[in-house]
Amino acid sequence: QVQLVESGGGSVQAGGSLRLSCAASTNVRSMGWFRQVPGKEREGVAGINSAGREIYADSVKGRFTISKDNAKNILYFQMSSLKPEDTAVYFCAAKKGGTWLPLLRTAYDYWGQGTQVTVAS
């Protein structure tokens, strides 16, 4: 079992920045950030493996950065140049092993409760 707790969500103006954090109860091989709005499926926005390799959805590439503090088991998501369409509940996810499929929601075993990010125009 892996417990994940997100924090750092809030409301910002378009063009602003926000940093999300996800504290994991144990070390995990792969982690990712997903987001979801009402009526839509949860979509992958970023992933990182144990070696630090990062991958991003095209919609956030160049604006968001995923990183990990492996010593503290904390996942970060630095979000810059935020747009209203980034508004969503953001979830962190983790997988202890297996093939790395960073943006595929069904590949992850553990999920946080989510944190709301609202970007005003």
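A disulfide is a pair of cysteine sulfur atoms within 2.5 Å. A search of the whole structure, which is a predicted model, finds 1 disulfide. Local features need pLDDT of at least 70, side-chain atom pairs count only at pLDDT 80 or more, and totals for chains, interfaces and linings use all residues. Residues are numbered from 1 along each chain as its sequence is written, and side-chain values use heavy atoms, with hydrogens and water left out.

**Overall form**

The protein has 0 helices and 11 strands; helices (H or I, at least four residues) and strands (E, at least two) are DSSP runs, numbered from the N terminus. For 121 residues, a compact globule would have a radius of gyration near 14 Å, and the 13 Å of the protein agrees with this. That radius is taken over C-alpha atoms, and the globule rule is 2.2 Å times the number of residues to the power 0.38. Along the principal axes, the C-alpha atoms fill a box of roughly 40 × 30 × 25 Å. Of the 121 residues, 44% count as buried, meaning under 20% relative accessible area with a 1.4 Å probe, protein chains only.

The disulfide joins cysteine 22 to cysteine 92, with 2.0 Å from S to S. Cysteine 22 lies in strand β3 (residues 18–24) and cysteine 92 in strand β9 (residues 88–95), so the pair ties together parts that are 70 residues apart in sequence. The link is right-handed, with 55° about the S-S bond. Both cysteine 22 and cysteine 92 are buried. Strand β3 is largely enclosed by the rest of the structure, because 5 of its 7 residues are buried.

Two strands pair if DSSP finds at least two bridges between them.

| Partner of β3 | Sense and bridges |
|---|---|
| β1 (residues 4–7) | antiparallel, 4 bridges |
| β8 (residues 74–79) | antiparallel, 6 bridges |

On the β8 side, cysteine 22 stands opposite leucine 75.

**The cavity**

On a 1 Å grid over the protein atoms alone, a cavity is a set of points where a 1.4 Å probe fits but cannot get out. The count comes to 1 cavity of 30 Å³ or more. The largest cavity holds about 50 Å³, where volume is the space filled by probe spheres set on the points, joined across faces, edges and corners. Its lining residues, which have an atom within 4 Å of a point, include Ser30, Lys95, Trp100 and Tyr108.

Notes: Buried < 20%, exposed > 50% of the residue type's maximum accessible area, 1.4 Å probe, protein only. 1 Å grid on protein atoms, 1.4 Å probe; cavity = no way out; pocket = protein on both sides within 12 Å on 5 of 7 lines; lining within 4 Å.
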